[in-house]
Structures are given as C-alpha cells and as structure tokens.
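This report describes a predicted model.

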Amino acid sequence: MIAELVTTGSELLLGQIVNTNAAYMARELNKIGVDVCFQTTVGDNRERMKEVLSHALSRADLVITSGGLGPTRGDITKEVSAEVMGRSMALNEECAARLKSYFARIGREMTENNLRQAMIPEGAHVFVNHAGTAPGVAMEANGKLLTNLPGPPSEMKDMLHRSLLPYLAEKYGVSAVTVSRVLHTFGIGESMLETKLDDLILAQKNPTLALLVRPTGVIVRITAKAESEEGARRLIAPLEEEIRLRLGDFVYGADDETMEEAVGRELKSRRLFVATAESCTGGLVASRLTDVAGSSEYVKGGVVSYTNEVKADVLAVDRDMLAREGAVSDAVARAMAEGVRRKLGADFGVSTTGLAGPGGGTEETPVGTVFIAVAGNEGTTAEKYRFTGRREQVKFRASQAALAALRAYIKKYGQ
C-alpha cells in the first residue's frame with residue numbers, strides 16, 4: 001500500500017512550528033509495511049489544499065492528513081477532503097453529543113462554532129478523539145482511502161494508534177512489519193564506505209541498504225520487511241554480520257547507541273577511569289561522558305583549561321612550551337592529556353585544544369583547527385583535525401572525535 005502524508009496549516013509553511021507529525025506518522029506506518037512514498041505540506045488555502053489532495057489521491061492508495069479539524073473558519077481540511085471525495089457535510093449527532101458532554105465535564109460553555117467539529121462527510125467512518133475534541137474520519141472511493149487526523153501531536157498519536165492503524169489492519173489486512181537496524185560509524189567517509197559496501201548496495205532487495213550522513217558520522221541503515229519483527233530481524237542478521245566484518249572498528253554502535261555509551265562500555269568492562277582536559281570544547285566531552293547513567297564508575301573528572309594560566313597552573317603544561325608552540329598545538333594537547341591524567345589519577349587522559357571560531361584563526365591555524373590527544377600507559381597519541389561549520393558544530397565534532405580517539409586507544413592497547 002502506497003501512502004502520502006499531507007500535513008496542513010500555514011504555521012508549518014511559515015516555520016512557526018516544526019512538522020513532527022509527518023516524521024512520526026511515517027515511522028509508525030512503515031513499521032506495519034505501508035510504504036510512505038510522498039509527504040506534502042499545504043497551508044490553509046481551500047484551492048491549494050484541494051489541488052494537493054487531488055494530486056495525492058492520483059498517486060497513492062492511502063492519503064492521511066493531519067491538522068485543520070478544529071472549530072475555527074481556518075480549519076478547512078475536513079471540508080476540502082469531503083469536496084474532493086464528492087461528499088456533502090452533515091451534523092453527526094453522536095459527535096455533537098460527545099462535544100457537549102466534554103464541555104459540561106470541564107465546566108465550560110460550548111460556543112456554537114465548536115459544532116463545526118461535529119460536521120462529518122456523508123458516509124465517512126468516524127474516529128473518536130479520546131485526547132481532544134475534534135473527531136477524525138476515513139472516506140473510501142474508487143479504491144482510494146482518505147483519512148483526516150487532528151493536528152496536535154498528542155491527539156494525532158492517540159488516534160493513529162487507537163483507531164487508524166487497527167482500521168487499516170482490519171479493512172486492508174495490513175500486517176507486514178518493517179524493521180530497521182542502524183549501524184553507526186566514525187572515521188570513514190561516505191564515499192569510502194560506499195566503496196567497501198558497493199556490491200551489497202547493488203545487490204540489495206530485501207533487506208535494503210542506505211548510507212546517511214549525520215553529525216556523529218555516517219550511518220548504515222539496514223531495512224527489512226517480513227510478516228513479523230522476528231522474521232525481519234532474521235533477514236537483517238547475516239547482512240549486518242557481513243557489514244561489521246568489512247568495516248571492523250569503524251562501527252562503534254547500533255540503533256540508539258551513542259559514542260559516549262560505546263566508550264563507557266569499553267571503560268566499564270575493563271574497570272578503567274578517564275579524565276578530560278578541554279579547551280575549545282569547553283567541557284562538552286566530559287558532559288557527554290557523564291550523560292550516561294552509571295558513568296561515575298569510569299569518569300574521574302575533568303578540567304576546562306580555557307586559558308593558558310589554567311593549562312599551566314592546573315595541568316602543569318610548561319609555560320615556555322605554551323609560548324613557543326602556542327595553545328593550539330600538538331605538544332600542548334599531549335601535555336594537557338598527560339597533565340590531567342596525573343592530576344586526577346586516571347588510567348587515561350583525553351584533551352582538546354583548538355579554535356572553534358568564528359574569530360581567532362590565522363592562515364597557518366585557521367578556525368576549525370583542533371588537536372586531540374589521549375594519554376595512557378602505552379604513551380600519548382595526538383592528531384590534528386580540521387572541522388568545518390559554526391562554533392557549536394566545531395565543538396560537537398571535536399567532542400565526537402575526542403571520544404572516538406579514546407575508544408580507539410582503549411581498543412588498541414586494552415590496558
């Protein structure tokens with residue numbers, strides 16, 4: 001079954017609110033095997049909405065709208081949907097009674113315009129709104145199904161799960177399950193990743209493969225369809241195993257696992273501790289590590305050594321080195337990592353020093369230059385990075401690289 005999602009409301013087009021409904025509906029529909037092939041957003045304009053819905057019905061089996069079911073004159077989705085499906089509107093007494101009961105229960109007067117919500121297209125199936133006042137509807141014609149769900153996310157989600165999904169399962173036998181497995185990678189670019197997996201991508205059928213760039217690295221998404229979740233996961237398993245074999249330690253986690261969780265797992269399993277020394281990241285590495293519950297078992301603490309005085313006085317970085325090499329340098333990054341490791345008595349020290357921008361860069365050391373070092377029993381490693389983007393993006397990318405460097409050091413040397 002091919003579906004199109006139509007979210008309505010001029011506020012979406014003006015950027016006043018974020019369209020979270022479309023993403024949520026798409027995710028839930030794909031889980032039951034409905035192929036969401038199109039998404040459209042249209043404002044509260046009768047002619048444009050009519051054009052959008054007509055076009056959606058021409059190319060999809062199922063069209064689901066969200067929004068525009070309220071009591072005001074701007075709430076026109078249901079009226080336009082009825083017009084497109086060739087149906088007249090009439091007051092539904094059951095819906096009207098539920099509205100009156102709702103307002104009586106909360107002790108508020110019901111104004112006349114609220115009855116607009118009880119106007120239902122002729123012959124439509126009504127979805128009761130258990131989380132609000134505006135009912136939803138479903139209309140079928142010429143083998144196509146058009147449904148209207150409310151716009152408020154809590155109401156949409158409740159009606160989707162309580163009414164629409166069971167309706168689709170009963171009426172159309174929609175029972176397939178779509179499952180995705182996401183593998184997170186770091187340290188390998190999209191083009192190199194594609195090269196390593198190219199034959200698998202070309203041969204894909206079920207499961208399918210997709211490479212997607214994220215701020216945390218490139219993800220590999222494996223998606224399978226089957227009659228059950230267990231069946232889908234059985235299809236995914238051998239492909240995941242082959243991908244992991246090819247990519248090795250470039251894969252640091254799966255599904256919702258973060259880099260900080262992956263690092264924490266490595267530290268905790270070895271009963272080892274880390275300390276952080278941060279300049280350009282301003283404590284972000286330590287913050288991410290301690291976002292994980294139970295991180296007190298492997299995080300000693302951290303120092304935000306933003307100035308040279310703190311680098312020298314707290315981390316014991318040599319002042320002559322700071323003057324000679326500059327704070328943004330390989331030598332200072334190494335000294336910071338070694339200093340915080342000694343100072344806090346940790347098994348590992350990880351440091352960041354660089355220029356997050358937007359100012360302060362030079363031709364020799366441009367904005368985005370970051371040195372990251374890891375110190376441990378096997379010595380100290382350091383690497384120079386060049387990150388792009390706004391200040392907060394540089395800081396996040398540097399923190400991700402620092403955590404990845406720490407993970408790589410642990411995996412290599414074990415300690």
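## The largest pocket

In this predicted model, the lining of the largest pocket is made up of 11 nonpolar, 8 polar and 6 charged residues. The lining numbers 25 residues, and those nearest the pocket centre are R27, K31, T178, V179 and S180. The volume of this pocket is about 650 Å³.

Five elements each give at least two residues to the lining: α2 (20-31), β9 (177-185), β10 (208-214), β11 (217-226) and α8 (229-247). Strand β9 provides the largest share, with 6 residues.

## Helix α7

Helix α7 covers residues 190-202, and its end C-alpha atoms are only 16 Å apart, whereas a straight helix of 13 residues would span 18 Å. There is a bend of about 60° in α7 at K196.

The buried residues of α7 include L193, L197, L200 and I201. An α-helix has 3.6 residues a turn, so residues three or four places apart point the same way. The buried residues of α7 pack against β9, β10, β11 and α8.

## H125

H125 belongs to strand β6, which runs over residues 125-127. Is H125 buried or partly exposed? Its relative accessibility is 37%, so H125 counts as partly exposed, given that buried means under 20% and exposed over 50%.

Leaving aside residues up to four places away in sequence, H125 touches G136, V137, A138 and Y167. K100 lies 25 residues from H125 in sequence, and the two are 21 Å apart in space, C-alpha to C-alpha.

Definitions and conventions: Residues are numbered from 1 along each chain as its sequence is written. This is a predicted model: local features need pLDDT of at least 70, side-chain atom pairs count only at pLDDT 80 or more; totals for chains, interfaces and linings use all residues. Side-chain values use heavy atoms; hydrogens and water are left out. On a 1 Å grid over the protein atoms alone, a cavity is a set of points where a 1.4 Å probe fits but cannot get out, and a pocket is an open set with protein on both sides within 12 Å along at least five of seven lines; lining residues have an atom within 4 Å of a point. Grid points are joined across faces, edges and corners, and a volume is the space filled by probe spheres set on the points. Helices (H or I, at least four residues) and strands (E, at least two) are DSSP runs, numbered from the N terminus. Ala, Val, Leu, Ile, Met, Phe, Trp, Tyr, Cys and Pro count as nonpolar, Asp, Glu, Lys and Arg as charged, and the others, Gly among them, as polar. The expected span of a helix is 1.5 Å times one less than its number of residues. The bend at a residue is the angle between axes fitted to the seven residues ending there and the seven starting there. Buried means under 20% relative accessible area, exposed over 50%, partly exposed in between (1.4 Å probe, protein chains only). Contact means heavy atoms within 4.5 Å.
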